[in-house]
Amino acid sequence: MQSAFMRNNFAVQSESGLHVAIIMDGNGRWATQRGLPRAAGHRAGVAAVRRTVEHAPDFGVRRLTVYAFSADNWRRPSAEVQSIFWLIRAYLRIECERLRSAGVRLEAIGRRDRIPKGLLSEIERVESITAANRKLELRVAVDYSSRDAIARACAGLPESASPKHVRAALDASLSAGHGDVDLLIRTGGEKRLSDFLLWESAYAEFHFTPCMWPDFQPADLDAAINAFRARERRFGSVPAIASVPALQIGGTRWLR
Ligand code: IPE
Ligand code: IPE
Ligand code: MG
C-alpha cells in the first residue's frame, strides 16, 4: 500500500512530469553477439531511441535525457566514433519533422567545440525548429562529461563565491529549467554512471537492466517507471505517517 508521503510526493511529480535519464549501453555487445560490426549495434540503438522518444510522454515523462556519446568515448577507434556521429546526424535529419509535429523540444548537452561541423549545424537546426515545443524535452548528451560540466560551471564564478552561491549557480546552469533526474535507467548490465548527470542525479532512483539498448522496448520503459512509482522517495525525511511527533506506549512517549 502506498504511504501518504508517497502519494503526496507522487502527486507533485505527476503535475510536472518525470525527468528520466537513460545510459543507452550495450550496442556493441548486441552487435558482437550477432556476428555484426559494432556500428550495426549503434544503428539498431537509434531505432530504440526513436521508439523510446515516441512513447515516453505516454508514461508521464516530460524530460528525457539520453547519453549518446561520452567525452571518454573519444578513446574508441576513430571509425566507430565517426559512425556514431554520422548516426546521430542522420537521426536528427530524418526525425526533425516528426519531433517538431509531436511537440518534442530537442536540446544537446555537452561540448560543442570538438564534434564535426555538420553534426553541430544539424543539432542547431533542430534545436531552433523545435524550440517552442513543450510536450517532451529531449536532451541528447553528446561529447558529454558531467565532471567537465560541473567544473566549467564553477570556473565561471568569482573566486570569492560562497558555497551557497556555488550551489545555486550549479543548480541554475546544470539543472536549469530541467529539474533533477527522477529515474536513471542504464541498459547493458553495467552498474555505474560513467560520468553522467552526477549533480542532477543526487536523489535519482536507479534502474539497472541487463537488456542491451537495441532490445529496449517501450514496455521496458513502462515497467521501469511503474517500479519507480512503487518506490518511496524520502529526500532525507521520513514517511508522513512517521512524522507524527510522538507515540505513547504505556506510560512512555517515544519519538518515532
Ligand atoms: C553504448 O553502447 C553506446 C555508446 C557508448 C556510444 P556501447 O558501444 O558502449 O556498447 P557495449 O557496452 O560495448 O556493448
Ligand atoms: C557510457 O557507456 C556512455 C554512453 C552510453 C554513451 P560506455 O560504454 O562508454 O561506458 P563504460 O566505458 O562502460 O563505463
Ligand atoms: Mg558500453
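Which pocket is the space taken by ligand 1? Hi everyone, let me start there: ligand 1 takes up the space of the largest pocket. Please keep in mind that we are looking at a predicted model.

So who lines up around ligand 1? The shell includes Met-24, Asp-25, Asn-27, His-42 and Ile-84, among others. Helix α2 (27-33) and helix α3 (38-55) are the elements that each give two or more residues to that shell, and α2 gives the most, with three. Sorted by class, the shell of ligand 1 holds three nonpolar, five polar and four charged residues.

The side chain of Arg-76 places an N or O atom 2.7 Å from an oxygen atom of ligand 1, and for the side chain of Arg-38 the distance is 2.9 Å. On its own, ligand 1 has 380 Å² of accessible area, and the protein covers 87% of that.

On to ligand 2, which also sits in the largest pocket. Among the residues around ligand 2 are Ile-23, Tyr-67, Phe-69 and Arg-192. Strand β2 (residues 61-70) provides the largest share of this shell, three residues. Here the classes come to five nonpolar, two polar and four charged.

Arg-76 shows up again: a polar atom of its side chain is 3.2 Å from an oxygen atom of ligand 2. Ser-194 has a polar side-chain atom 2.6 Å from an oxygen atom of ligand 2, and for Arg-186 the side-chain distance is 3.4 Å. Of the 390 Å² of accessible area that ligand 2 has on its own, the protein covers 77%.

Technical notes
Residues are numbered from 1 along each chain as its sequence is written. Chains are lettered from A and ligands numbered from 1 in the order in which they are written. This is a predicted model: local features need pLDDT of at least 70, side-chain atom pairs count only at pLDDT 80 or more; totals for chains, interfaces and linings use all residues. Side-chain values use heavy atoms; hydrogens and water are left out. A residue is near a molecule or strand if one of its heavy atoms lies within 4 Å of it. A polar contact is a pair of N or O atoms within 3.5 Å; within protein, one must be able to donate a hydrogen and the other to accept it, and residues adjacent in sequence count only if both atoms are side-chain atoms. Accessible areas come from the Shrake-Rupley method with a 1.4 Å probe; for residues, only the protein chains shown count as cover. On a 1 Å grid over the protein atoms alone, a cavity is a set of points where a 1.4 Å probe fits but cannot get out, and a pocket is an open set with protein on both sides within 12 Å along at least five of seven lines; lining residues have an atom within 4 Å of a point. A molecule sits in a cavity or pocket if more than half of its atoms lie within 2 Å of its grid points. Helices (H or I, at least four residues) and strands (E, at least two) are DSSP runs, numbered from the N terminus. Ala, Val, Leu, Ile, Met, Phe, Trp, Tyr, Cys and Pro count as nonpolar, Asp, Glu, Lys and Arg as charged, and the others, Gly among them, as polar.
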